[in-house]
Amino acid sequence: MSADHDHDHDEGYRGPATLVLGEETVEVEVLLDARHEPFDGRLHWAGRVAAHPRLTALLGSRGGTAEVRTPGHTAVGTLSEPDVWDRFRITGTGRPPFALDGPPPPETD
């Protein structure tokens with residue numbers, strides 16, 4: 001797990017990111033997590049995008065789809081409507097826009 005973890009999560013990232021919304025790019029700060037969902041067998045990632053006036057101007061009170069770029073990684077996610085602090089929630093499935101830890105070691109008896 002990354003050093004930014006203070007919860008019991010599989011993976012995570014906290015730091016700078018670029019959101020690409022059509023032809024627009026916005027430099028933001030994000031807090032992202034990922035976890036394997038046994039129900040559907042997929043990796044789900046989600047988190048919050050820190051409030052940013054340009055992002056709010058582009059999206060208003062609606063969500064949208066954005067490409068999320070962090071150093072060396074990229075993924076497409078869905079932005080929800082903003083919360084009362086103008087932070088957008090972002091979610092996605094599959095490979096997240098940040099490095100994953102290696103697989104857990106095999107269990108031994």
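1. A salt bridge here is a side-chain nitrogen of Lys or Arg within 4 Å of a carboxyl oxygen of Asp or Glu. This is a predicted model, in which local features need pLDDT of at least 70 and side-chain atom pairs count only at pLDDT 80 or more, while totals for chains, interfaces and linings use all residues. Residues are numbered from 1 along each chain as its sequence is written, and side-chain values use heavy atoms, with hydrogens and water left out.

2. The structure holds four salt bridges. One of them joins the side chains of Glu24 and Arg54, at 2.9 Å from N to O. This pair ties together distant parts of the chain, 30 residues apart: Glu24 sits in strand β2 and Arg54 in helix α1. (Helices, H or I of at least four residues, and strands, E of at least two, are DSSP runs numbered from the N terminus.) Glu24 is partly exposed, at 31% relative accessible area, and Arg54 is partly exposed at 37%. For these labels, buried means under 20% relative accessible area, exposed over 50%, and partly exposed in between (1.4 Å probe, protein chains only).

3. Please also look at Arg48, Asp83 and Arg87, which are linked in a network of salt bridges. Asp83 meets Arg48 at 3.7 Å, N to O. That pair again links distant parts of the chain, with Asp83 in the loop between β5 and β6 and Arg48 in strand β3, 35 residues apart. Asp83 also bridges to Arg87, where the closest N and O atoms are 2.7 Å apart. Is Asp83 buried or exposed? Asp83 counts as buried, at 16% relative accessibility, whereas Arg48 is partly exposed at 30% and Arg87 is partly exposed at 30%.

4. Next, the hairpin. Strands β2 (residues 24-37) and β3 (residues 42-49) pair in the antiparallel sense over eight bridges; pairing requires that DSSP finds at least two bridges between two strands. Glu37 has Arg42 in β3 as its bridge partner. Four residues lie between the strands, and Gly41 takes a positive phi near 75°.

5. Finally, the core. The largest nonpolar core has 20 residues, of which Leu19, Leu21, Val49, Leu55 and Leu79 touch the most other members. β2 gives the most to this core, with five residues. (A nonpolar core is a set of buried Ala, Val, Leu, Ile, Met, Phe, Trp, Tyr and Cys residues joined through side-chain atoms within 4.5 Å.) Beyond its neighbours within four places in sequence, Val49 has contacts (heavy atoms within 4.5 Å) that include Leu19, Val28, Leu55, Leu79 and Arg87.
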